[in-house]
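Look at the chain as a whole before turning to its parts.

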Amino acid sequence: MPRCVICQQIYDGGREMTCSDECHEELVRRLGADSGEFKKVIRLSTGVAYKVPTMDIIEKVLKEENLDRYPIWEENQS
Ligand SMILES: [Zn+2]
């Protein structure tokens, strides 16, 4: 069985390299993100959540007024 690259636990199921979403997020953070990942960023003044590529969060300084160029975060999962 695979071993989680973050917490070193042996796991069944989960993500490709990690045992859980939590560890996956940590992995993405450590790797400096891969372009397929998105983060939920909430615009403070409106409370609207945007789907922002993790890359952009890491590489750019996100300004609130620039958030509306990103798609709205859809809360369609259970
Ligand atoms: Zn883990």
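The paragraphs below go from the whole chain to its details.

This is a predicted model, in which local features need pLDDT of at least 70 and side-chain atom pairs count only at pLDDT 80 or more, while totals for chains, interfaces and linings use all residues. Residues are numbered from 1 along each chain as its sequence is written.

The chain has 2 helices and 2 strands. Helices (H or I, at least four residues) and strands (E, at least two) are DSSP runs, numbered from the N terminus. Read from the N terminus, the order of the elements is α-β-β-α.

Strand β1 (residues 38-42) and strand β2 (residues 49-53) run antiparallel and are joined by 5 bridges. Two strands pair if DSSP finds at least two bridges between them. One of the residues involved is Lys40, whose bridge partner in β2 is Lys51. The two strands β1 and β2 form a hairpin with 6 residues between them. In the turn, Gly47 has a positive phi of about 75 degrees.

Ile6 lies in the segment before α1 (21-31). Is Ile6 buried, exposed or in between, and what is the count behind that? A residue is buried if 20 or more other C-beta atoms lie within 10 Å of its own, exposed if 12 or fewer, and partly exposed in between, with C-beta atoms placed from the backbone. Ile6 is partly exposed because 18 other C-beta atoms lie within 10 Å. Leaving aside neighbours within four places in sequence, Ile6 is in contact (C-beta atoms, placed from the backbone, within 7 Å) with Thr18, Cys23, Glu26 and Leu27.

Across the chain of 78 residues, buried residues make up 5%.

Definitions and conventions: Contact = placed C-beta atoms within 7 Å.
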